[in-house]
Amino acid sequence: MSVPAIRNCLGVVSQVVNLFRNHSNANKIFQETIQEHAPDSKKKRLLRLCDTRFTEKHDSIIVFLELFECIVMALEEIAQRTWTISSTASTLHSASQKSEFLVSIVVCEKLFSLTLPLSIFLQNKSSDLVSAVKYTNEVLSSLRQMRETANDTFTEIFQVASKFSANLFDTELQAPRVTSRQKSSANPQTTSNEVYFRVTTFIPCIDTLIQNLTDRFIKNEDILSSFQLLLPGYACEKKINELEKLGPYFQDEMPLSTIQAEYKLWCAKISSIDPSTEILKLLEYIVTEHFFSCDESSSQGYGYSSSHSG
């Protein structure tokens with residue numbers, strides 16, 4: 001996330017997780033705190049925050065929030081010790097009670113819960129491009145609706161964050177001091193704490209997420225859908241004219257007429273393949289049954305030497 005508040009929040013979460021997972025003394029106090037204050041919790045260990053896997057990132061945030069009370073108490077106790085990690089625990093304890101952090105982590109949980117099903121779907125080996133784009137559009141529809149009703153949606157988020165602040169730190173959520181001249185951070189002119197965090201954290205976060213999904217999937221929807229024409233169950237001579245959308249990928253190598261001729265042969269060759277065949281198995285079939293059967297002269301005709309066929 002490029003939103004500073006969200007980025008800082010995830011950074012704090014990552015440091016807290018590393019503290020308890022990498023230091024036995026810290027983990028011992030954490031486990032004792034869980035046993036005393038949350039004995040019925042099925043979660044006993046924090047999960048690392050993975051930058052590239054949304055499913056693991058979402059699970060990490062969920063567990064963090066579930067054990068947040070125990071985390072705060074454990075950090076406070078460690079900070080009172082004379083260990084080398086005590087200063088780190090004190091810093092993280094202070095960071096975890098900031099209003100910006102509390103709002104940001106609840107925002108993360110809310111938005112990640114929408115993208116989690118999409119992340120799981122994309123990791124499925126049998127997922128196809130058209131379905132991925134369709135699923136992404138559904139997620140975007142939900143995000144845009146949330147954006148349109150940002151006032152009501154964020155009110156719920158703000159209430160959850162307020163409960164954390166009141167129950168754990170006996171304080172109210174408080175926006176940073178607003179100055180008349182500010183260049184390095186957001187500076188909305190408002191006296192409402194809720195409005196401040198909605199404008200500086202929630203709306204930028206949801207806008208960034210919408211933009212990222214649009215850039216990665218929707219802007220290339222036509223091209224992604226066209227690649228589907230090459231897969232079993234979709235390849236059909238009647239769709240041959242749709243290959244023009246893939247022009248940027250082959251126009252420098254061979255003319256469209258050649259591609260169309262190859263496509264007809266390809267349609268005939270894979271007509272007997274089960275449409276549910278996974279992509280990796282399909283690639284294995286292509287290599288063993290098609291490319292390896294090409295003689296040297298034909299492979300060189302397409303710009304490949306015989307050394308590439310091995």
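Me: What is the relative accessible area of Arg 81?
Reply: Arg 81 counts as partly exposed, a class between buried (under 20% relative accessible area) and exposed (over 50%), computed with a 1.4 Å probe and protein chains only. The model is predicted, so local features need pLDDT of at least 70 and side-chain atom pairs pLDDT 80 or more, whereas totals for chains, interfaces and linings use all residues. Residues are numbered from 1 along each chain as its sequence is written, and side-chain values use heavy atoms, without hydrogens and water. The relative accessible area of Arg 81 is 36%.

Me: Which residue forms a salt bridge with Arg 81?
Reply: A salt bridge requires a side-chain nitrogen of Lys or Arg within 4 Å of a carboxyl oxygen of Asp or Glu. The closest N and O atoms of the pair that includes Arg 81 are 2.9 Å apart.

Me: How many residues apart are Arg 147 and Asp 207, and which helices hold them?
Reply: The side chains of Arg 147 and Asp 207 meet in a salt bridge, with 2.8 Å from N to O. This pair links distant parts of the chain, with Arg 147 in helix H7 (residues 129-148) and Asp 207 in helix H9 (residues 193-216); helices are DSSP runs of H or I with at least four residues, numbered from the N terminus. The separation of the two residues is 60 residues.

Me: Are Arg 147 and Asp 207 buried, exposed or partly exposed?
Reply: Arg 147 has a relative accessibility of 30%, and Asp 207 has one of 31%. Because these values fall between the limits for buried and exposed, both residues count as partly exposed.

Me: How many salt bridges does a search of the whole structure find?
Reply: Another joins Arg 147 and Asp 207. The search of the whole structure gives a total of two.

Me: Which cysteine sulfur is nearest to that of Cys 205?
Reply: A disulfide is a pair of cysteine sulfur atoms within 2.5 Å, and the structure holds zero disulfides. Cys 205 is thus in no disulfide, as the nearest cysteine sulfur is 5.9 Å away. Cys 205 is itself buried, at 2% relative accessible area. The nearest sulfur belongs to Cys 108.

Me: To which backbone oxygen does the side chain of Ser 60 reach?
Reply: Ser 60 is found in helix H3 (residues 54-66) and counts as buried because its relative accessibility is 1%. Apart from residues up to four places away in sequence, Ser 60 touches Val 13, Leu 47, Arg 48 and Leu 49, a contact being heavy atoms within 4.5 Å. At 2.8 Å, its side chain reaches the backbone oxygen of Leu 47.

Me: What is the phi of Asp 170?
Reply: Asp 170 lies in the loop between helix H8 (150-169) and H9. With 70% relative accessibility, Asp 170 counts as exposed. Although Asp 170 is not a glycine, its phi is positive, at about 55°.

Me: What percentage of the residues in the chain is buried?
Reply: The chain has 14 helices and zero strands. Of its contacts with a separation of 6 or more, 68% are between residues 24 or more positions apart. Among the 310 residues in the chain, the buried share is 38%.

Methods: A polar contact is a pair of N or O atoms within 3.5 Å; within protein, one must be able to donate a hydrogen and the other to accept it, and residues adjacent in sequence count only if both atoms are side-chain atoms.
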